[in-house]
Amino acid sequence: MTIVHLRRARTSLVLDARGPGLPRVVHWGADLGPLPDGDLPALVDVTVPPVVPSSFDAPTVLSLLPEASAGWSGRPGLAGHRDGRDWSTAFRLTDLDVHDDLAAPPPDLLGGDPLHAPGVNKGPFLTYGRVVVRAADPDAGLSLTVELTLDAAGVLTLRHRLRNDGDGRYELRELTPVLPVPAVATELLDLTGRWCRERAPQRHPWPMGAWVREGRHGRTGHDATLLLVAGTAGFGFRHGEVWAVHTAWSGDHVTAAERRPTGESTLGGGELLAPGEVVLGPGEEYATPLLYAVHSADGLDGLSDALHTHLRARPSHPRTPRPVTLNVWEAVYFDHDLDRLRALADRAAEVGVERFVLDDGWFRGRRHDQAGLGDWWVDGDVWPDGLQPLIDHVRGHGMQFGLWVEPEMVNPDSDLFRAHPDWVLQAPDRLPPPWRHQQVLDLANPDAYAYLLGRLDAVLSEHDGLAYLKWDHNRDLTEAGHAGRPGVHAQTLAVYRLLDELRARHPGVEIESCSSGGARVDLEILRRTDRVWASDCNDALERLSIQRWTGLLLPPELIGTHIGPERSHTTRRVHDLSFRAVTALFGHHGIEWDISAIDATERAELTAWVALHKRLRPLLHGGRVVRVDYPDPAVQAHGVVAHDRSHAVYAVSRVATSAAQVPGAVRLPGLDPARRYRVRPPAGAAEPAMLELSPPGWLAWPGDGVTVSGSVLASVGLQLPALHPEQALLLEVVAA
């Protein structure tokens with residue numbers, strides 16, 4: 001039919017839809033510019049793979065859906081059958097819709113190039129923002145719709161929809177969108193992890209074969225890859241060409257990189273389906289999760305810049321300043337006492353807290369973690385006058401009030417389970433192994449769903465001033481069956497419906513996605529929630545890495561980052577307040593600590609840190625995240641730079657000892673090389689402990705800082721003091 005060239009930001013996508021089969025992606029990557037009409041056919045021609053000996057008689061073409069009928073011998077794009085038939089497809093293109101319905105990208109993403117704007121280069125080969133491909137295989141009784149959108153930030157989203165047009169039932173086993181990556185990408189980076197150590201990076205050469213990351217937790221998982229990145233050799237935060245995909249799904253999922261001996265390299269991802277989990281009746285349709293795909297010519301920070309811009313442009317993205325939050329869990333645990341909590345709220349207001357969250361333990365029978373889940377009524381024995389007296393006290397200080405819930409779970413020791421043991425996800429005739437003394441409610445069961453929606457709606461409706469839910473999810477879905485069949489797919493969709501309905505009934509209530517910390521972090525749950533809890537670990541040393549790599553996908557304002565107690569609850573490490581505060585500064589700031597027990601000096605220091613965060617909050621929650629490629633792994637540096645490059649803040653943290661006594665200069669990226677900047681520690685940032693200096697003091701600079709050009713800061717950097725391990729220095733940079 002035609003060749004389509006989509007251009008947005010610094011990204012191009014070229015589709016060849018001239019043949020009878022499904023279109024192929026000719027190019028996904030760097031912007032090709034406003035190509036003359038004749039250059040697009042030439043581009044397509046020069047990228048057709050050759051016919052090689054001992055192979056097919058015609059070129060093997062990788063289309064939008066890899067098919068064996070086209071000679072593809074790698075991981076299948078579609079797997080399924082109809083009672084053993086229709087197991088292979090040969091889709092033929094039936095329709096191609098191209099739309100130019102996106103707003104022009106912001107000028108700062110375009111580099112001032114007007115040729116990126118919509119409507120340019122409207123010749124025979126058009127520039128568009130969205131393509132919908134329709135194809136059919138009448139012999140197999142299937143039709144396919146492929147939706148591709150390249151948005152103003154350069155983020156490409158891809159989704160397949162498969163419809164059963166045949167007479168019989170069609171069992172779907174896999175439907176996975178993939179995209180080609182050029183041969184220059186020779187290294188892979190993804191993330192793994194566990195509870196309290198989420199988002200651990202792992203990197204290796206891209207070998208022949210498939211690197212497949214599967215999540216079988218029934219939730220996104222502590223070990224979820226988040227982004228699977230392919231890049232040129234040696235790519236870093238600020239250099240190298242990289243391509244990345246993210247599978248936006250909160251249930252079982254797969255993300256894969258594959259390099260074939262025949263020369264193709266692909267990235268892709270989709271839902272991981274259990275046998276018999278999705279069976280399409282005549283006329284029924286299945287839609288894959290959205291696959292997010294991003295390219296950057298400027299390293300990993302370029303990926304983050306595009307994704308953060310995309311997320312901030314969503315209509316649902318938080319528009320009000322992210323309130324400093326105190327969560328009471330590590331202050332009181334299950335010891336709920338109204339007077340003690342009022343006193344804690346008094347202290348919270350004194351230090352500048354804006355949201356007070358009552359954690360686990362408020363509902364019926366919940367004196368420990370082995371009972372009560374599912375009985376979502378206020379416990380009258382603990383709260384004889386209900387929660388409203390505490391809510392009113394908190395709101396009297398001008399703070400918002402929030403509440404912890406774990407709606408998808410049930411304790412066997414609960415009135416709900418005793419009344420409805422059949423409302424649990426399970427295989428026939430047996431319960432899954434217990435995890436934290438709890439099981440999972442089957443929300444695909446209409447009665448269980450209606451009960452839970454009714455109770456949550458009542459909790460929100462009956463409490464005046466309840467503005468926030470910390471929505472937890474503390475176990476994997478193991479042997480999760482519904483009506484005798486695998487149930488993770490239906491459960492995931494039901495959770496989405498539940499969140500959507502509650503948001504529709506209570507549009508002013510914000511929701512946090514917490515799942516044993518960071519086990520449900522993905523862009524589909526974030527369509528329905530306002531932030532994620534990155535980890536149950538508040539140890540500042542662990543949090544540096546957890547937050548750095550969570551921030552590869554999410555902007556700071558969506559990541560809960562709290563100052564924990566001096567001695568960590570989870571690791572037992574001890575850290576100074578300055579190190580904990582600098583680490584927690586770069587996110588949705590908060591406190592997870594019994595601040596009613598600290599002395600006046602420490603309370604004053606904490607108050608100063610909270611005030612500093614509020615002053616820097618517009619920058620931290622609206623600027624560009626930058627991370628420093630520093631050669632010494634014992635030093636970690638990162639920052640946020642305003643879009644107009646007039647203001648920035650950086651943190652330099654020493655995470656261990658180094659071979660060198662004094663670290664080398666640290667470069668500060670992202671600034672305007674032609675402007676001059678004053679650099680100094682911000683007022684309100686307490687002085688960290690450091691090694692003896694000569695001359696003594698913060699830095700070998702004047703007290704009001706040093707003024708240098710952006711080019712010097714980016715190319716030469718600053719010689720900083722020799723910090724002790726697990727100490728951090730904060731620097732504020734302002735255009736002179």
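1. The largest pocket has a volume of about 920 Å³. Of the 36 residues lining this pocket, Arg238, Asp298, Asp301, Gly302 and Gly670 are the closest to its centre, and the elements that give two or more residues to its lining are α2 (107–110), β21 (290–296), α3 (299–312) and β34 (624–627). By class, the lining of the largest pocket divides into 17 nonpolar, eight polar and eleven charged residues, where Ala, Val, Leu, Ile, Met, Phe, Trp, Tyr, Cys and Pro count as nonpolar, Asp, Glu, Lys and Arg as charged, and the others, Gly among them, as polar.

2. On the basis of these values: this is a predicted model, in which local features need pLDDT of at least 70 and side-chain atom pairs count only at pLDDT 80 or more, while totals for chains, interfaces and linings use all residues. Residues are numbered from 1 along each chain as its sequence is written, and side-chain values use heavy atoms, with hydrogens and water left out.

3. On the terms for spaces and elements: on a 1 Å grid over the protein atoms alone, a cavity is a set of points where a 1.4 Å probe fits but cannot get out, and a pocket is an open set with protein on both sides within 12 Å along at least five of seven lines; lining residues have an atom within 4 Å of a point. Grid points are joined across faces, edges and corners, and a volume is the space filled by probe spheres set on the points. Helices (H or I, at least four residues) and strands (E, at least two) are DSSP runs, numbered from the N terminus.

4. The second largest pocket holds about 770 Å³ of space. It is lined by 31 residues, of which Thr47, Pro49, Thr60, Gly263 and Glu264 are the closest to its centre, and strand β3 (residues 24–30) gives the most to this lining, with six residues. The lining of the second largest pocket consists of 18 nonpolar, ten polar and three charged residues.

5. The largest cavity has 18 lining residues, with Gln547, Arg548, Phe586, Val625 and His638 nearest its centre. Two or more lining residues come from each of α10, β32, β34 and β35 (635–641), and β35 gives the most, with four. Its lining divides into eight nonpolar, eight polar and two charged residues.

6. Helix α11 (residues 577–585) is mostly covered, since nine of its nine residues are buried, buried meaning under 20% relative accessible area, exposed over 50%, and partly exposed in between (1.4 Å probe, protein chains only). Among these buried residues are Leu577, Phe579, Arg580 and Thr583. The buried residues of α11 pack against α10 (540–550), β32 (559–563), β33 (588–591), α12 (600–620), β36 (647–654) and β39 (727–735).

7. The chain contains 13 helices and 39 strands. Its radius of gyration is 27 Å, close to the 27 Å that the globule rule gives for 736 residues, so the chain is as compact as a globular protein of that length; the radius is taken over C-alpha atoms, and the rule is 2.2 Å times the number of residues to the power 0.38. The C-alpha trace spans about 80 × 70 × 45 Å along its principal axes, and buried residues make up 60% of the 736 residues. Among contacts (heavy atoms within 4.5 Å) between residues at least 6 apart in sequence, 72% join residues at least 24 apart.

8. Two backbone sites may deserve a look. Cys196, in the loop between β12 (187–192) and β13 (200–205), has a positive phi of about 70° although it is not a glycine, and Cys196 is buried, with a relative accessible area of 8%. Tyr333, in the loop between α4 (329–332) and α5 (338–351), has a positive phi near 50°, and at 31% relative accessibility Tyr333 counts as partly exposed.

9. Lastly, Gly215 belongs to strand β14 (residues 209–215) and counts as buried at 3% relative accessibility. Not counting residues up to four places away in sequence, Gly215 touches Asp252, His253 and Leu272. The C-alpha atoms of Gly215 and Val254 are separated by 6.2 Å, although these residues are 39 residues apart along the chain.
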